[in-house]
Amino acid sequence: MIEFVHLNTTWNAEPNAPCPRVEVSGVSVTLLFYMNAFKFKDFSEGDIGALTFSNCFQYRMGPPNDEGFNIFNQSRYKKYGVPWGEFYLVKDSDWQTTFPNPIIVASGLDTSVLNHYLFYLRDETFECIAGTWHLEVSGSTNMQLAGDY
């Protein structure tokens, strides 16, 4: 049974215009986005989050967006009751057969020790198969958070 572990309980991407961008460096993938300073007062408007995934096998950035998820039921995970707009570790997922349009970063990694991460942003979904994650925030707020799962 697929399980979703909510990872961003004290932070999130800006809900209206996070302006996400992906950067690849070796076997690391970084998702850059504006932080949510509306809900989370530890952040200021304009702060940028850099969510870096180590030992990344593959990733994707694409549909669904919030309308596709909420109105048209386009997410393959909505049936599990997972809310939109959050960052998750997806345990026991079926990513090997259902991961849409992957961009391969590093072949030859032992995928049995990697994790499936899912981040529902305003206008798109980010997913990756990687080792651990690490968040750094720059701007008026400088902060580091990490997760090893």
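**A quick tour of the fold**

Asn 55 is partly exposed, with a relative accessible area of 38% (buried means under 20%, exposed over 50%, and partly exposed in between, using a 1.4 Å probe and protein chains only). This is a predicted model, where local features need pLDDT of at least 70 and side-chain atom pairs count only at pLDDT 80 or more, while totals for chains, interfaces and linings use all residues. Residues are numbered from 1 along each chain as its sequence is written, and side-chain values use heavy atoms, leaving out hydrogens and water.

**Two residues to look at**

- Asn 55 sits in the loop between strand 4 and strand 5 (58–62); strands (E, at least two residues) and helices (H or I, at least four) are DSSP runs numbered from the N terminus.
- Val 27 is 28 residues away from Asn 55 in sequence, yet their C-alpha atoms are 5.1 Å apart in space.
- Leaving aside residues up to four places away in sequence, Asn 55 touches Val 27, Leu 109, Leu 114, Ile 129, Ala 130 and Gly 131 (contact means heavy atoms within 4.5 Å).
- Asp 66 belongs to helix 1 (residues 66–70) and counts as buried, at 18% relative accessibility.
- With residues up to four places away again not counted, Asp 66 touches Ile 71, Trp 84, Arg 122 and Asp 123.

- Six strands make an open, antiparallel sheet in the order 1-6-8-9-5-7 (two strands pair if DSSP finds at least two bridges between them).
- Strand 1 (3–6) and strand 7 (103–104) are at the edges with a single partner strand each, so one side of each has no neighbour in the sheet.
- Strand 1 pairs with strand 6 (residues 87–91) over four bridges, and Phe 4 has Val 90 as its bridge partner there.

**The cores**

- The largest nonpolar core has 26 residues, and Trp 11, Leu 51 and Phe 119 touch the most other members (a core is a set of buried Ala, Val, Leu, Ile, Met, Phe, Trp, Tyr and Cys residues joined through side-chain atoms within 4.5 Å).
- Strand 3 (28–34), strand 4 (48–53), strand 6, strand 8 (115–120), strand 9 (125–130) and strand 10 (133–138) each supply at least two residues of this core.
- Another core, of ten residues, lies apart from it, with Ile 2, Phe 4, Val 90 and Leu 118 among them.
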